[in-house]
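Colleague: I would like to learn how to read a protein model with some care. Could we go through it together, one feature at a time?

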Amino acid sequence: ARVMSLREPEVLGANVTGPHKQAVMPLVDDVSETARLIGAVNTIVPSNGRLIGDNTDAYGFRRSIELAFPGLALERAVVLGAGGASRAVIVALRQMGLASVVLANRTPERAESLADEFGIESKHWDRVAEDAFPMADLLVNATSLGWHDEMPIAEKALDALAGDAVVMDLTYRETPLLRAASARGLRTLDGLGMLVRQGARSFELWTGREAPVEVMQAAVVAEQARRAGL
């Protein structure tokens, strides 16, 4: 009933959060190619009485990297985790044209299944640092461990990365992984930019207007400070 109400003419659209991103897919009239690849819808856009399911997570990921590191040429990435966030990251990396994407997950079967689906390589969790980190120019933590202030990998594993590599954690705050990477002189990026940019893209799809990105980012930062009691 809630999704059906989005067909009303005064509705601009809606965002969908987990765990409902997959459940809404059969309830819309069509899905974008990106949403189909990711297997999830996070944005519903009414269009001439029809509901179009889209996914702006891949866009947000790609745009956040482009803005944080202008002109950065990426060739090889390693992605940690094989959940829904990983799917969006893999789709984005494929759209960015990287030559190699390697996936690792604590449950190897999940990594192998997802890697096979996207035609990328998977590595065993215990060997990914040794086998893939030395050649990577981007490491992405797409696990949820950052939310619990836990390292997804052993800190010493970061020593295998090249000095100019970028380490990104999708958690939108500083995490033990990002602190450890910064201490080694590596470039780092959290998920705040991805969060804001995916929301901005949704706004643009609904309104056809440029999103007030600065206002949106300030609102997120203010809410973070409020929750932290600052």
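Colleague: How many helices and strands does the protein have?

Modeller: Helices (H or I, at least four residues) and strands (E, at least two) are DSSP runs, numbered from the N terminus, and by that count the protein has 8 helices and 10 strands. This is a predicted model, in which local features need pLDDT of at least 70 and side-chain atom pairs count only at pLDDT 80 or more, while totals for chains, interfaces and linings use all residues. Residues are numbered from 1 along each chain as its sequence is written, and side-chain values use heavy atoms, with hydrogens and water left out.

Colleague: What radius of gyration would a compact globule with 230 residues have, and what does the protein have?

Modeller: The radius is taken over C-alpha atoms, and the globule rule is 2.2 Å times the number of residues to the power 0.38. For 230 residues the rule gives a value near 17 Å, and the protein has 18 Å, which agrees. Taken along the principal axes, the box filled by its C-alpha atoms is roughly 55 × 45 × 35 Å.

Colleague: Which residues of α2 are buried, and what do they pack against?

Modeller: Buried means under 20% relative accessible area, exposed over 50%, and partly exposed in between (1.4 Å probe, protein chains only). In the protein, 43% of the 230 residues are buried, and in α2 these are Asp57, Ala58, Gly60, Phe61, Ser64 and Ile65. Their packing partners, with contact meaning heavy atoms within 4.5 Å, include α1 (33-38), α3 (84-95) and α7 (192-207).

Colleague: What span should the 12 residues of helix α2 have?

Modeller: The expected span of a helix is 1.5 Å times one less than its number of residues. Helix α2 (residues 57-68) should therefore span 16 Å, and its end C-alpha atoms are 17 Å apart, which agrees.
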